[in-house]
Amino acid sequence: MVLMVDKISYYFKVWRLYTIDSFSVILSSRFSAIIFTIAKFFRFIFFLLFLVFILRSTNSLGGYSEYEVVFFYLTFSLIDSVTQLLFREVYRFRSLIVEGSFDYILLKPINSLFRSLTGGADLLDLFMLIPIIILLVFSATKTGMFTPFNTILFLVFIFNSLILTTAFHILVLAIGILTTSVDHTVLIYRDVVSTGRLPIDVYREPVRGFLTFILPVAIVMTVPAKAFLGKLPIELVIVSFIFAAVIFIGSLKLWRYSLTKYSSASS
Amino acid sequence: MRKYLLVAKNTWDEYMQYRLNFVMWRVRNVLRLIIVYFLWYAIFNQRGELFGYNESQILTYILLSSIVASIVFSTKTQDIGEEINSGNLSNLLIKPISVFKYWMARDLGDKLLNIAFSIVEVFVLIIFFKPPLFFQTNPIFIFLFILGIGFSLAIYFLISILIGFFGFWTPDVWGPRFLFYIFLEFFAGSLFPLDILPKPVFSTLQLLPFNYLLYFPVKIYLGQLSILSIFEGFFVGLVWIIVLYLFTNKVWFKGLKSYGAYGR
């Protein structure tokens, strides 16, 4: 147990150092950092305004009220921003594989997956979390479902979603080693999960079934909000946890397999 | 002329070399289209008319704007900033070709490939989802629609290379382009027809060039603009093309003076 705590504390220290380094790099190009932050903020706020504008005319979308739809969108934004914050390093992984620099990571006395996944946290996304959380709490109170039980349920499912997004990023890394293609895989992941900006019930079958059971976007993005609103069927609760566990274990297995196929080309 | 056609063909060949990347790019486009399509499908669920559109008009708008976006937004000019920063621009400057025509030829190859794929994708989606669609039969509107796309191509090309010219003064070329893409997403009309916005917002957007990239040509196709509004739109679009052309030229020559060919 003590060994385990020591290990976690060690990795936390390493993560903190990586994060400070990565933030220093971002700050070395302030113009770019400011522009990217402004652009992300605009993207977030424009879509929110668009939703509000539409819902003022229609009153509901897919059977959900105005504040419920907004709550779904903010839940999506929360999960997406936390994932971006933690796993930005994945976007830089391809060059390590193509140039063979991944060798240096393999040689270090830390877990190579930990380094590849979390070695370059993007603290700029932390700024985005402030308006998201404020608006999330505001819309939650407006849904009339803001109770301690629902909030705990929401946080549990958010944690489950983050396990799934972690698994997806591990899969992207593993595919990156096997095929040297990372950029498009991770962008496709982002496009697929962006279908979760709206409640999944909005989509027609077979797209809805596809987004629930084949590419479990619904489980990642929609289930926490549904649980909070008390609209989650019990079978989907069980399916959500099973999916997260299976995909996470599967992603780790694929990662280990991919390491055996790493060719160290160009190094 | 032949050398530029060869450049366009080379661009096509480049894509064929990296087929997986291209297929993934098209998959992303289809996903984006599906999101917007279903959003509007849900909005119109059991409603006859909304914001002055009926269901067939809005779904036609979304599908057609996706095809027009494939024509207008597919470009190789996003590489210009990187070419300047890496010093590769020097390779073009010493060749007996016009750099602007070279980039136009690259765009031509890119657009032809994207148009072909986009038409097939939308066709498959139409067969799959069977949406109610509106077909324009008036040849005048069809002609003006094609002319409108011509304006869109010119405006987008000029703005895109102008953003690339940031590379003359800063290595951070992706930040401004990312911001531009965000504005495009919301103000060009791919997510929604701009005239559903409150009148003061819409009137302001009509003065910006983004409006002419998707919204304007698609609205012409739908036959929802009067001939007078169409010609007003063409006039403002033409003013934008002239202003952007003159400004782009000025920035290009100013940029060349500060170009240090670093990396070469």
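This is a predicted model: local features need pLDDT of at least 70, side-chain atom pairs count only at pLDDT 80 or more; totals for chains, interfaces and linings use all residues.

Student: What makes helix 11 of chain A largely enclosed by the rest of the structure?

Tutor: A residue is called buried if 20 or more other C-beta atoms lie within 10 Å of its own. In helix 11 of chain A, 12 of the 12 residues are buried, so the helix is largely enclosed by the rest of the structure. Among them are A:V217, A:T222, A:K226 and A:F228.

Student: How do you know that the length of helix 11 of chain A agrees with its number of residues?

Tutor: The expected span is 1.5 Å times one less than the number of residues. Helix 11 of chain A covers residues 217–228, so its 12 residues should span 16 Å. The C-alpha atoms at its ends are 17 Å apart, which agrees. After this helix comes A:G230, with a positive phi near 70 degrees.

Student: Why is B:L89 called buried?

Tutor: The cut-off is 20 or more other C-beta atoms within 10 Å. B:L89 has 21 such neighbours, so it counts as buried. It sits in helix 5 of chain B, residues 89–93.

Student: Which residues does B:L89 touch, not counting residues up to four places away in sequence?

Tutor: B:L89 touches B:E83, B:I84 and B:Y259. As for B:Q136, it is 47 residues from B:L89 along the chain, and their C-alpha atoms are separated by 44 Å.

Student: What makes chain A as compact as a globular protein of its length?

Tutor: Chain A is built of 12 helices and two strands. Its radius of gyration is 20 Å, close to the 18 Å from the globule rule for 267 residues, so the conclusion is that it is as compact as a globular protein of that length. The box for its C-alpha atoms is roughly 60 × 45 × 40 Å. Buried residues make up 36% of chain A. Among its contacts between residues at least 6 apart in sequence, 79% join residues at least 24 apart.

Student: How do you know that chain A and chain B touch, and how many residues are in contact?

Tutor: Two residues are in contact if their C-beta atoms lie within 7 Å. By that test, 27 residues of chain B are in contact with 29 residues of chain A. On the chain B side, helix 2 (19–43) and helix 8 (174–187) each supply at least two residues. Helix 2 of chain B gives the most, with 15 residues. By class, this side of chain B has 21 nonpolar, three polar and three charged residues.

Student: Where in chain A is the confidence lowest, and where is it highest?

Tutor: Confidence is lowest in helix 10 of chain A, residues 207–214, at a mean pLDDT of 76. It is highest in helix 3 of chain A, residues 66–87, at 92. The mean for chain A is 87, and 98% of its residues reach 70 or more.

Note on methods:
Residues are numbered from 1 along each chain as its sequence is written. Chains are lettered from A and ligands numbered from 1 in the order in which they are written. Helices (H or I, at least four residues) and strands (E, at least two) are DSSP runs, numbered from the N terminus. Ala, Val, Leu, Ile, Met, Phe, Trp, Tyr, Cys and Pro count as nonpolar, Asp, Glu, Lys and Arg as charged, and the others, Gly among them, as polar. pLDDT is the predictor's confidence in each residue, from 0 to 100. The radius of gyration is taken over C-alpha atoms; the globule rule is 2.2 Å times the number of residues to the power 0.38.
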